[in-house]
Amino acid sequence: MKFFIDTANLDEIAEAQALGVLDGVTTNPSLMAKEGITGEENIINHYKKICEIVEGDVSAEVISTDFDGMVKEGEALAALNSQIVVKLPLIADGIKACKYFSDKGIKTNVTLVFSAGQALLAAKAGATYVSPFLGRLDDISTDGLNLIAEIRQIYDNYGFGTQILAASIRHTMHVIDCAKLGSDVMTGPLKSITGLLKHPLTDIGLAKFLEDYKKGNS
Ligand code: E4P
């Protein structure tokens, strides 16, 4: 399972990268705005900085909602770095743009996916990644994990190569449950990755080992 971090915060990306388990980054317009990154030039420069920190794929989302605009924006983003994945919304023009980019060998991430039917369309259009929003479904009392399971079954039935990128991850149990269901990738905040480190028995065990070492070597 690949681990992506879902942030535009450079310090958090660097911390996850330093841990040695990071496979990529996903961003969206809200995450960029949260870091105060505004204006085309600053946004472009920020993507370049992210690509310098991380070794894997970096999803950069288009703002346009029409085919021509998405193609123009996506081509400019893809030209920045081979790590860039063009992130497109699951609307009709987004699916058309996905097909256009996949035919050209440019990586895509189809985002804002909330149903198995939408995920099927993204795969048919040749998406590299499909992003079902697990947490946002859970937020409205709908079973987000069930969507991951449905997409896994459909993609396996037909051998689609599109990777399931479980998005809108809120906590460590989402990560574990997605891994059990065979999600190819997860993207979440730093705490959903570092939280996997924690177990009280690890801390207690380590303290005891160090205490016993001290006793024997003092
Ligand atoms: C996916 O790529 C999105 O950036 C993200 O996972 C959305 O998460 P949220 O629901 O926590 O905003």
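## Terms and basis of the model

Two strands are said to pair if DSSP finds at least two bridges between them. Helices (H or I, at least four residues) and strands (E, at least two) are themselves DSSP runs, numbered from the N terminus.

The structure is a predicted model, in which local features need pLDDT of at least 70 and side-chain atom pairs count only at pLDDT 80 or more, while totals for chains, interfaces and linings use all residues. Residues are numbered from 1 along each chain as its sequence is written.

## The chain as a whole

The chain contains eleven helices and eight strands. Its C-alpha atoms fill a box of roughly 70 × 40 × 30 Å, taken along the principal axes.

A residue is called buried if 20 or more other C-beta atoms lie within 10 Å of its own, exposed if 12 or fewer, and partly exposed in between, with C-beta atoms placed from the backbone. By this rule, buried residues make up 36% of the 218 residues in the chain. Two residues are in contact if their C-beta atoms, placed from the backbone, lie within 7 Å. Of the contacts in the chain with a separation of 6 or more, 54% are between residues 24 or more positions apart.

Strand β3 (residues 57-61) pairs with β4 in the parallel sense over four bridges. Strand β4 (residues 84-89) is in turn joined to β5 by four bridges, and these two strands also run parallel. The pairing of β5 with strand β6 (residues 129-132) is parallel and has three bridges; here V113 has P132 in β6 as its bridge partner.

Two bridges join β6 to strand β7 (residues 163-166), again in parallel, and the partner of V130 in β7 is I164. Strand β7 is joined to strand β8 (residues 185-188) by two bridges, the strands running parallel, with M186 in β8 as the bridge partner of A166. Between β7 and β8 the chain passes through helix α9 (residues 172-180), and this β-α-β crossover is right-handed. A crossover has this hand if, with the strands pointing away from the viewer, the path from the first strand over the helix to the second runs clockwise.

Right-handed β-α-β units occur elsewhere in the chain as well. One consists of β3, helix α4 (residues 67-78) and β4; another of β4, helix α5 (residues 92-103) and β5; and another of β5, helix α6 (residues 116-124) and β6.

K87 counts as buried because it has 25 C-beta neighbours inside 10 Å. E61 stands opposite K87, while the bridge partner of K87 in β5 is N109. Leaving aside neighbours within four places in sequence, K87 is in contact with S59, A60, E61, V62, N109 and T111.

The residues around the ligand are D6, T26, N28, T111, S131, F133, G135, R136, A167, S168 and T187. The shell divides into two nonpolar, seven polar and two charged residues. Ala, Val, Leu, Ile, Met, Phe, Trp, Tyr, Cys and Pro count as nonpolar, Asp, Glu, Lys and Arg as charged, and the others, Gly among them, as polar.

Most residues other than glycine have a negative phi. S168, in the loop between β7 and α9, has a positive phi of about 60° although it is not a glycine. S168 counts as buried because it has 21 C-beta neighbours inside 10 Å. S141 also has a positive phi of about 60° and lies in the loop between α7 (134-139) and α8 (144-158). With 6 C-beta neighbours inside 10 Å, S141 counts as exposed.

Notes:
Near = placed C-beta within 6 Å.
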